Amino acid sequence: MKKLISLLLVLAMALTLVACGSSEPAADAPAADAPAAEGVTTYDVGVAIYQYNDNFMTLYRQEIEAYFKTLETDTVKYNITMVDSKNDMAEQTNQIDTFITQGMDVIILNLVQTSSAEVLIDKVVAANIPLILINREPLGDNGDESYEGIINNPGVCYVGADARQSGTYQGEIVLALDNKGDINGDGVVKYIMVIGDPENPDAQYRTEFSIKALTDAGVAVEALVENVGNWDQTKGQEITAAALAQFGDEIEVVFCNNDGMALGAAAAIEAAGRKVGEDIYLLGVDALDECQEMVKAGTMTGTVLNDHIGQSHTAVDAAVAALNGEALQNYYWVDYVKVDAAYFG
Ligand code: BGC
């Protein structure tokens with residue numbers, strides 16, 4: 001609630017009483033010249049994160065809070081309520097219902113399932129609360145930037161990065177290798193794909209576009225395993241370990257849709273006695289600090305910076321714009337950056 005507004009209302013009532021000639025204003029009415037509670041406006045911000053237990057979203061959510069703090073002034077404060085939706089759509093729906101009941105001034109939402117976007121958007125729009133969708137893009141029927149709940153509602157926007165770009169960059173990192181990923185020189189790059197949440201366009205696009213970059217460049221490929229690891233490090237390790245046990249030296253490239261799973265894959269690769277950069281290649285996305293260190297050290301072939309700082313700041317800036325009554329764009333995009341050995345010079 002905008003506390004300033006209630007304060008002004010109280011003041012207005014007090015003044016009205018005075019103006020009406022009441023000689024004795026109600027005892028609890030503030031004097032007209034009382035400091036207007038320092039004139040502070042506090043905005044209530046509801047933030048729902050699909051799952052706290054996610055390496056990338058942990059960095060992202062921490063930066064949302066930190067950045068909101070930097071925007072506070074003597075007269076403007078942000079009261080942030082952030083909740084963990086625990087990868088449970090029913091839980092997240094309840095949380096959004098609660099945000100609405102609590103009268104949040106703006107909501108930032110990292111959907112558990114993009115297929116539920118419409119239901120949640122409808123609720124928030126009906127409550128007249130601006131909504132900033134982040135990280136999981138609901139896709140419209142008509143290609144890019146066409147999701148109806150976004151394009152038809154001026155108070156709703158999406159902030160994210162184009163996952164096709166991240167997939168393409170993974171493929172390009174492989175293409176830049178002297179052997180273009182074909183370690184045994186048989187003319188075919190044999191790979192495994194460790195997939196994030198298959199319902200998430202980030203996972204779909206990275207899976208598709210990493211390989212498309214290779215085939216577009218005329219490189220023959222063969223998928224040995226494509227398995228869902230749901231963005232999770234332990235699952236990434238299990239999938240890679242099982243694939244290495246089954247296909248051994250045949251595996252030349254391990255593509256992971258994110259760094260969390262790539263960290264798991266790295267452990268499996270090491271346990272199998274394989275050496276990244278020598279007899280196998282390993283790719284991730286996110287550029288977590290530890291993965292950047294691995295790329296520098298050569299224990300990971302490459303990753304792609306998923307700019308959580310740029311994205312969180314853009315999301316918060318959009319939220320603040322909405323609070324200030326400014327118009328929102330429908331979509332805000334933040335670029336990915338290719339991170340391979342060349343990136344570190
Ligand atoms: C990140 C993943 C993360 C997912 C969560 C993706 O953009 O690359 O690491 O698990 O978002 O939705």
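Trainee: Why are H8 and H9 called oblique to each other?

Mentor: Helix H8 (residues 233–247) and helix H9 (residues 259–271) pack at an angle of about 40 degrees. Angles under 35 degrees count as roughly parallel, over 145 as roughly antiparallel, 65 to 115 as roughly perpendicular, and the rest as oblique. H8 and H9 are therefore oblique. This is a predicted model, in which local features need pLDDT of at least 70, side-chain atom pairs count only at pLDDT 80 or more, and totals for chains, interfaces and linings use all residues. Residues are numbered from 1 along each chain as its sequence is written, and side-chain values use heavy atoms, with hydrogens and water left out.

Trainee: Which residues of H8 make the contact with H9?

Mentor: On H8 they are Gln233, Gly236, Gln237, Thr240, Ala241 and Leu244. Contact means heavy atoms within 4.5 Å.

Trainee: How do the residues of this contact divide into nonpolar, polar and charged?

Mentor: The contact of H8 with H9 has eight nonpolar, six polar and no charged residues. Gly counts as polar here.

Trainee: Which residues of helix H4 are buried?

Mentor: In H4 (residues 117–126) they are Ala117, Leu120, Ile121 and Val124. Buried means under 20% relative accessible area, exposed over 50%, and partly exposed in between, with a 1.4 Å probe and protein chains only.

Trainee: Which exposed residues does the face turned away from the buried side carry?

Mentor: That face of H4 carries Glu118 and Ala126.

Definitions and conventions. Axes are lines fitted to C-alpha atoms, for helices over the stretch in contact, and angles run from 0 to 180 degrees between N-to-C directions. Helices (H or I, at least four residues) and strands (E, at least two) are DSSP runs, numbered from the N terminus.
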